[in-house]
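Student: I have a model open and would like to talk it through with you. Could we start with the overall fold and then go down to single residues?

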Amino acid sequence: MTDHNNSSTGDSAGAAGASGGSVDDWEAFLSEHQHELHDIEHSKTARKFNKHAERQEKQTLVSVHDLTSDAFVGGGGPRDYRSSWLDTDDVMDQYGAGFTPPNPDLSNIKRSRLVFGLIFVIGIVGIIATVFIPHMASVLGVVFALCILVGAGGLLAQHKGHDETKRDEFDDGARV
């Protein structure tokens, strides 16, 4: 084995080695002590240490039973909190923002869109009602299925995407 005493002679190379050294010093050390390091690496103690380290990695560090109940809920239950972000009225009063309900403008709905929507709804209600009239189901089923197809086709043909609701080119369609 190697001697644990410091064998530096006090020159500048020894001082550089003591304060971190260079890569060449480290490589020289490794090549000089390669046989001893190999023996240490493959020793019975090293294998025991590796097995112990692997077992320690598999063990849990913290268990739920190690923690007290106040670590989860502050000593009380979930309903013991005085304030929550779910208390909408209090939060809105605190920040001074009032609630403005949405008020969409429905006055400019096209008549053709309204007609296609009504045909579509009539077709759906008619198909459901056809179940209760079995002797006329074949004729009414075809008529109401055509209503669904015409209504849905007309609504899809008139749909222009969300570009229809944009206010300017930077509007992504999100409304708050």
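Student: In what order do the elements of the protein chain run from the N terminus on?

Tutor: Keep in mind that this is a predicted model. The protein chain holds eight helices and zero strands. Read from the N terminus, its elements therefore run α-α-α-α-α-α-α-α.

Student: What share of the residues in the protein chain is buried?

Tutor: The accessible surface of the chain comes to about 15,800 Å², and 60% of that belongs to carbon and sulfur atoms. Among contacts with a separation of 6 or more, 46% join residues 24 or more positions apart. Of the 176 residues, the buried share is 7%.

Student: How far does H8 reach from its first C-alpha to its last?

Tutor: H8 has 22 residues. At 1.5 Å a residue, 32 Å is expected. The computed reach is close to that, at 31 Å.

Student: Is Gln 158 buried or exposed?

Tutor: Gln 158 lies in helix H8. Beyond its neighbours within four places in sequence, Gln 158 is in contact with Ser 112, Arg 113 and Phe 116. The relative accessibility of Gln 158 is 16%, and because the cut-off is under 20%, this residue counts as buried.

Student: Where does Phe 132 sit, and is it buried or exposed?

Tutor: Phe 132 is in the loop between helix H7 (111-130) and helix H8 (137-158). Together with Ile 124, Ile 128, Val 131, Ile 133 and Met 136, Phe 132 makes a nonpolar surface patch of about 590 Å². Its relative accessibility is 68%, so Phe 132 counts as exposed.

Student: Which residues form the aromatic pair, and how is the pair arranged?

Tutor: A search of the whole structure finds one aromatic pair. Its members are Trp 26 and Phe 29, with 5.6 Å centre to centre and 25 degrees between the planes. Planes under 30 degrees apart count as stacked. The pair of Trp 26 and Phe 29 is therefore stacked.

Student: Why are Trp 26 and Phe 29 separated by about one helical turn?

Tutor: An α-helix has 3.6 residues a turn, so residues three or four places apart point the same way. Trp 26 and Phe 29 both belong to helix H2 (residues 23-32), and because they are three residues apart there, the separation is about one helical turn.

Student: How exposed are Trp 26 and Phe 29?

Tutor: Take Trp 26 first: at 52% relative accessibility, Trp 26 counts as exposed. Phe 29 has a relative accessible area of 35%, so Phe 29 is partly exposed.

Key: Residues numbered from 1 in each chain as written. Predicted model: local features only at pLDDT ≥ 70, side-chain atom pairs only at ≥ 80, totals over all residues. Heavy atoms only, no water. Patch = residues over 30% accessible without salt bridge, like charges linked within 9 Å, V, L, I, M, F, W, Y side chains within 5 Å. Areas by Shrake-Rupley, 256 points an atom, 1.4 Å probe, with all protein chains shown as cover. Salt bridge = Lys/Arg side-chain N within 4 Å of Asp/Glu carboxyl O. Helix = DSSP H or I, 4+ residues; strand = E, 2+ residues; numbered from the N terminus. Buried < 20%, exposed > 50% of the residue type's maximum accessible area, 1.4 Å probe, protein only. Contact = heavy atoms within 4.5 Å. Phe/Tyr/Trp six-rings, centres within 6.5 Å; stacked < 30°, edge-to-face > 60°. Expected span 1.5 Å × (residues − 1).
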